[in-house]
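Let's take a walk through this model together, starting with its backbone and moving on to its charged side chains.

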Amino acid sequence: MRRPAAPLAALVLALALTGCGARVSDDGRDTGRRPAGSSGHYPVTVENCGTRTTYDRAPRRVVTNDVGITEIMFALGLEDRMAGYAMPDDKGDLDGVPWKDAYDKVPRLSEKALTKELVLGARADLVFAGWNYGFGEDSGLTPAALKKLGIGSYVLTESCHNGTDGGSGRGVMPPLEALYTDLTALGKIFGVEDRAKALVKKYRKQVADAAAKAPAPGRRPSVFLYDDGRDKPFTSGRYAGPHDIITKAGGDHVMKDLADSWTTVGWETVVDRRPDVIVINDYGDTSAAQKKAFLESYPPLAGVPAVKHHRIYVMDYAELVESPRNPAAVSDLARYLRGVRTGG
């Protein structure tokens with residue numbers, strides 16, 4: 001990776017120090033004086049993935065990674081605080097979403113992975129991404145690396161490392177609570193707490209209304225989330241969005257015992273658990289139709305009720321990762337599951 005020129009790095013450092021004024025402390029101690037002229041709302045301190053950070057003012061040039069994270073900012077009305085976003089071009093049609101105007105307004109920095117060069121070029125003072133959602137040790141783009149450049153970070157709560165599986169496990173709370181946690185924390189950081197509270201209230205009601213119509217636990221259809229993969233399926237554990245979406249919609253998530261967010265399992269596990277429904281995550285180079293054709297033609301799955309009875313339901317990627325589309329996804333899936341007879 002090409003090292004940025006010194007003047008550019010210095011400019012970003014200066015902007016970061018005078019922009020969001022973030023001060024990070026593992027134990028929550030105040031690590032700097034409040035700057036003159038800051039708003040009466042500040043300083044504010046939030047905890048994110050176990051790290052407490054104090055903000056002396058709202059970030060002004062935020063860079064986000066991927067669709068769900070970007071739309072969290074849009075849902076809070078924070079597009080004016082954004083310098084741009086990175087998003088692969090396989091994440092669905094963005095023309096029909098409620099935040100179309102925001103997408104038109106905020107620059108798309110890349111249709112590939114987020115990089116240090118993109119962050120520096122955008123003169124970012126905060127990067128909102130997640131582990132395996134932009135942040136990664138392999139790429140060198142981490143909160144620690146950005147901190148050395150004077151750039152703040154906010155980590156998507158769905159992706160927090162949880163210390164299991166040799167440190168690679170992700171997720172520390174139920175997925176919808178992760179969404180509500182991020183909305184609340186970002187509302188505080190950007191001084192839009194009332195807007196965040198209103199969204200959380202709306203989303204909780206939307207989910208509760210769908211959950212109230214769900215069948216009793218013993219009569220719920222079992223559901224497997226299929227992301228992709230031929231030799232082994234990539235799926236969702238209990239800390240990724242699909243777990244809460246399936247559960248609140250009235251389904252029994254067959255991989256609820258996995259203490260991780262997105263992970264790989266064996267096909268034998270899927271066969272043994274005999275899901276009544278398979279939900280396909282629609283994104284990537286492999287289309288939903290191709291994924292469905294594979295599932296229906298893969299011999300080991302022939303006797304699984306979902307395949308045997310053609311109960312394969314397609315959902316958009318942005319509905320399944322942590323995003324403001326999650327509550328509506330619960331309602332939509334709930335309507336489908338109410339028509340499913342279990343067993344067989």
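**Backbone and salt bridges**

Asn 132 counts as exposed, because its relative accessibility is 60%. Keep in mind as we go that this is a predicted model. Asn 132 sits in the loop between β7 (126-131) and β8 (134-135), and although it is not a glycine, its phi is positive, at about 70°. His 310 also has a positive phi, about 55°, without being a glycine. You will find His 310 in the loop between α11 (305-308) and β15 (312-316), where it counts as exposed at 58% relative accessibility. Most residues other than glycine have a negative phi, and most peptide bonds are trans. With that in mind, look at the peptide bond from Tyr 42 to Pro 43, which is cis, with omega near 5°. Pro 43 belongs to the loop between β1 (22-25) and β2 (44-48).

Now for the charged side chains, where the count comes to eleven salt bridges. One of them pairs Asp 80 with Lys 105, with the closest N and O atoms 2.2 Å apart. Asp 80 lies in the loop between α2 (67-75) and β5 (82-86) and Lys 105 in helix α3 (residues 100-105), so this pair ties together parts that are 25 residues apart in sequence. Asp 80 is exposed, at 57% relative accessible area, and Lys 105 is exposed at 51%.

Another salt bridge joins Glu 177 and Arg 204, whose closest N and O atoms are 3.2 Å apart. Here Glu 177 is in helix α6 (residues 175-190) and Arg 204 in helix α7 (residues 193-211), so parts 27 residues apart in sequence are tied together.

How values were computed
Residues numbered from 1 in each chain as written. Predicted model: local features only at pLDDT ≥ 70, side-chain atom pairs only at ≥ 80, totals over all residues. Heavy atoms only, no water. Helix = DSSP H or I, 4+ residues; strand = E, 2+ residues; numbered from the N terminus. Buried < 20%, exposed > 50% of the residue type's maximum accessible area, 1.4 Å probe, protein only. Salt bridge = Lys/Arg side-chain N within 4 Å of Asp/Glu carboxyl O.
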